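Me: I've got a model open and want to go through it piece by piece. Can you take my questions as they come?

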Amino acid sequence: MATTTTQAGYEGDYVQRFQFFLQHSGEHIAMREFMDKVLPGEFARIGEGKSDLNFLGVGSGQGEMDSHMLGILQSKFPKTPISAHIVEPSKALIENFKASVAKASNLQKIPFTWNNVSCAEYEKQVKDTRDTTRFDFMNMIQMLYYMDDYVAVIKFFHGLLREKGRLMIIHEAAGSGWGTLWSTFTQDLCTKSVTKYISDADIKGELDKMGLKYEEHSIPNTMDITECFVQGSKLGAMLLDFMTDQDSFEKAFSPEMKAKILDMLRNKCCTEKDGRLLFNCSLTCLLVHA
């Protein structure tokens, strides 16, 4: 079974860089719009005829997306008991999630089981305790990058689905700016929390090998990275730190490598609109059947 990388992706300074990225990119807004459009119908199919519903978040972070999905699920089945199980290795993030749930009036009727563990630790926990809990819906949002063996992670959790259940994977699209940047400079960028770059195409290939049925949805999104090309811009520097997964983009690379990365960003990863450079940060959602 896979383990997470040394910092589980969500520890230390990375947390601050990630929160900054979310605020600047509008990624969660794009995800919520997608969920509002697609998940009500999915939940209706998943929950039809069931007396209770079990929800599992894997690598849920601070839980913004999980809380939103639970709200949709609850509105679809207001009289059906719903339980939520969360797997998140970062103590800081899971505590933030707990605090937000305590303040959310629409989630007070949902019991939460908090697992402050990695995916590998959760698998061991399930096997050691012979836990027979199965889930109707589970999600893995932007977390498979941090797995040493993401295929093993998918196989284990997919095995916990109930009849008609769905595993939702949201990941960077292969043709996005992320895919172009990281596939081009894999050896230079995969040195910290992300040790191996994978795209949605890699994940689909593995799902096909497993013989699993899934639907694919696109979540288009762009992010203004014009400031990355403004000398001395603090905002641009923070974006470059996050996009290259470095504590300091400025210090991590030689002048030649920085020039190559910036050239790639400008000419291969962006479109220009009204003088602004818009980075393609589109996502793919895979809804995998039980």
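Me: Which residue in S4 is the bridge partner of leucine 56?
Reply: This is a predicted model, where local features need pLDDT of at least 70, side-chain atom pairs count only at pLDDT 80 or more, and totals for chains, interfaces and linings use all residues. Residues are numbered from 1 along each chain as its sequence is written, and side-chain values use heavy atoms, with hydrogens and water left out. S1 and S4 run parallel, joined by 4 bridges; strands (E, at least two residues) and helices (H or I, at least four) are DSSP runs numbered from the N terminus, and two strands pair if DSSP finds at least two bridges between them. Within S4, leucine 56 is bridged to methionine 138.

Me: And in S5, what is the bridge partner of asparagine 139?
Reply: S4 also pairs with S5 (residues 161-172), in the parallel sense and over 6 bridges. In that strand, the partner of asparagine 139 is methionine 168.

Me: What is the handedness of the β-α-β unit that S4, H6 and S5 make?
Reply: The test is to point the strands away from the viewer and follow the path from the first strand over the helix to the second; clockwise counts as right-handed. By that test, the unit made by S4, H6 and S5 is right-handed.

Me: How many of the residues of S4 are buried?
Reply: Buried means under 20% relative accessible area, exposed over 50%, and partly exposed in between (1.4 Å probe, protein chains only). S4 is one of the elements that the buried residues of H5 pack against. It's mostly covered, and the buried count is 7 of 7.

Me: Why do the buried residues of H5 line one face of the helix?
Reply: The buried set in H5 (residues 119-129) is Cys119, Ala120, Tyr122, Glu123 and Val126. Seen down the axis of H5, they line one face because they all fall within a limited arc, taken from the directions from the helix axis to the C-beta atoms. The face turned away from that side carries exposed Lys124, Asp128 and Thr129.

Me: Which residue just after H5 takes a positive phi?
Reply: The phi there is about 55°. The residue is arginine 130.

Me: How far is the sulfur of cysteine 281 from the closest cysteine sulfur?
Reply: A disulfide is a pair of cysteine sulfur atoms within 2.5 Å, and by this rule the count is 0. Cysteine 190 is in no disulfide, with the nearest cysteine sulfur, in cysteine 269, 14 Å away. Cysteine 281 is buried, at a relative accessible area of 0%. Its closest cysteine sulfur is in cysteine 270, too far for a bond at 9.5 Å.

Me: Which residue's backbone oxygen lies 2.6 Å from a polar atom of the threonine 244 side chain?
Reply: Threonine 244 is in the loop between H10 (234-243) and H11 (249-252), and it's buried, with a relative accessible area of 1%. Beyond four places in sequence, it touches Trp182, Leu189, Phe249, Phe253 and Ile261, contact meaning heavy atoms within 4.5 Å. The backbone oxygen in question belongs to leucine 240.

Me: What is the relative accessible area of glutamate 172?
Reply: Glutamate 172 is found in strand S5. Leaving aside neighbours within four places in sequence, glutamate 172 has contacts including Gln142, Tyr145, Trp178 and Tyr197. Glutamate 172 is buried, and its relative accessible area is 10%.

Key: A polar contact is a pair of N or O atoms within 3.5 Å; within protein, one must be able to donate a hydrogen and the other to accept it, and residues adjacent in sequence count only if both atoms are side-chain atoms.
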